[in-house]
Amino acid sequence: MLETSARLLRLLSLLQAHREWSGADLADRLGVTPRTVRRDIDRLRELGYPVHSAPGTAGGYRLSAGAQLPPLLLDDEEAVAVAVGLRQATGGVEGIEETSVRALAKLEQVLPDRLRRRVSALSSFTVPMPGAVQGPGADPAVLIELASACRDAQALRFTYRDHGGAVTRRTAEPLRLVAARRRWYLVAWDVDRDDWRTYRVDRITPTPPHGPRFTPRRPPADDLAAYVARGVSGAVYREQATVLLRVPVERAAQRISPAAGVLEAVDEHSCLLHTGAHGLDVLVVHIVLAGFDFEVREPVELIEHIREIRDRLDRALGGRAPG
């Protein structure tokens, strides 16, 4: 039994090589007879693996998408979650991109069409923030549901929990998902508020049935990643600031993610950082820890607060504050 199981795994590995094999070639590779190959192919089919065969001298065997998911010990939702994770890893985790691409190709090769379509929707209707480390941060099933609504131009019905915990019912026309760090955002036209809104996906609870279909509106910005970054990095905070960083914008982008602030090039030696926080103390820490020389452009209150902190540090170091 062990020998048969090992041979089946070897056969499956050969079939995943994106080519068509003749029965004779497979028999030669496995060291068995063509009749044994046919029996093993039948076993794989019984297990749910979609092995296609073409008759005749030019025919052969190949692995194709089927009507059911092969026994990966995963149900449909788990298979979608794995595919989503692999797709995100291809552009978000250094060192595993190539491995993720190979694993994703093997998984998508045998995903039934209904699942492959859902995974494809998430890829096609997600905008990554440049430089952001992507991650799940939301229920994969919800992500798929939102992406499918974007693809189908179908109105969404959901409850939304804001940062204060209040829950409201919403109806929106979804446009795109935006991925940033471990957060996902939905950009959509809020039907009741008659305006564009950005929703955190982990605060969305879909309440189907959804619909009706709608005609997509013109996006609120050409660069949706920058549009969301401006909102999540400053607009929602009580304190906002604009700071001149004395480094090129490319270097600043290596330390400051789009979710933490919006960078704007000034010249080849400097750039502006537009950012926000819930308090001036947090703003100071955020700016100082970026590690660059800077000049506060606004607000004046932040300049005064930095002076106070400077004097406090000077006293802590045994110096004397300027008179």
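Let us start with a cysteine: C150 is buried, at 7% relative accessibility. Here buried means under 20% relative accessible area, exposed means over 50%, and partly exposed lies in between, using a 1.4 Å probe and protein chains only. Another cysteine, C271, is buried too, with a relative accessible area of 0%. How many disulfides does a search of the whole structure find? The search finds 0 disulfides, a disulfide being a pair of cysteine sulfur atoms within 2.5 Å.

Before going on, please note that this is a predicted model, in which local features need pLDDT of at least 70 and side-chain atom pairs count only at pLDDT 80 or more, while totals for chains, interfaces and linings use all residues. Residues are numbered from 1 along each chain as its sequence is written, and side-chain values use heavy atoms, with hydrogens and water left out.

**Salt bridges**

A search of the whole structure finds 15 salt bridges. The term stands for a side-chain nitrogen of Lys or Arg within 4 Å of a carboxyl oxygen of Asp or Glu. The table shows some of them.

| Salt bridge | N to O distance |
|---|---|
| D40 and R43 | 2.7 Å |
| D152 and R151 | 2.9 Å |
| R200 and D202 | 2.7 Å |

Take D40 and R43. Both sit in helix α3 (residues 34–47), 3 residues apart, which is about one turn of the helix. Helices are DSSP runs (H or I, at least four residues), as strands are (E, at least two), numbered from the N terminus. D40 is buried at 1% relative accessibility, whereas R43 is partly exposed at 33%.

In the other pairs, R151 is partly exposed, with a relative accessible area of 24%.

**Two packed helices**

Helix α10 (residues 280–288) packs with helix α11 (residues 300–316) at an angle of about 75 degrees, their axes lying 10 Å apart. Axes are lines fitted to C-alpha atoms, for helices over the stretch in contact, and angles run from 0 to 180 degrees between N-to-C directions. The two helices α10 and α11 are therefore roughly perpendicular to each other, a label for angles of 65 to 115 degrees.

Which residues make the contact? On α10 they are L280, D281, L283, V284 and I287, and on α11 they are E301, L302, H305, I306 and I309. Contact here means heavy atoms within 4.5 Å.

Conventions:
Angles under 35 degrees count as roughly parallel, over 145 as roughly antiparallel, 65 to 115 as roughly perpendicular and the rest as oblique.
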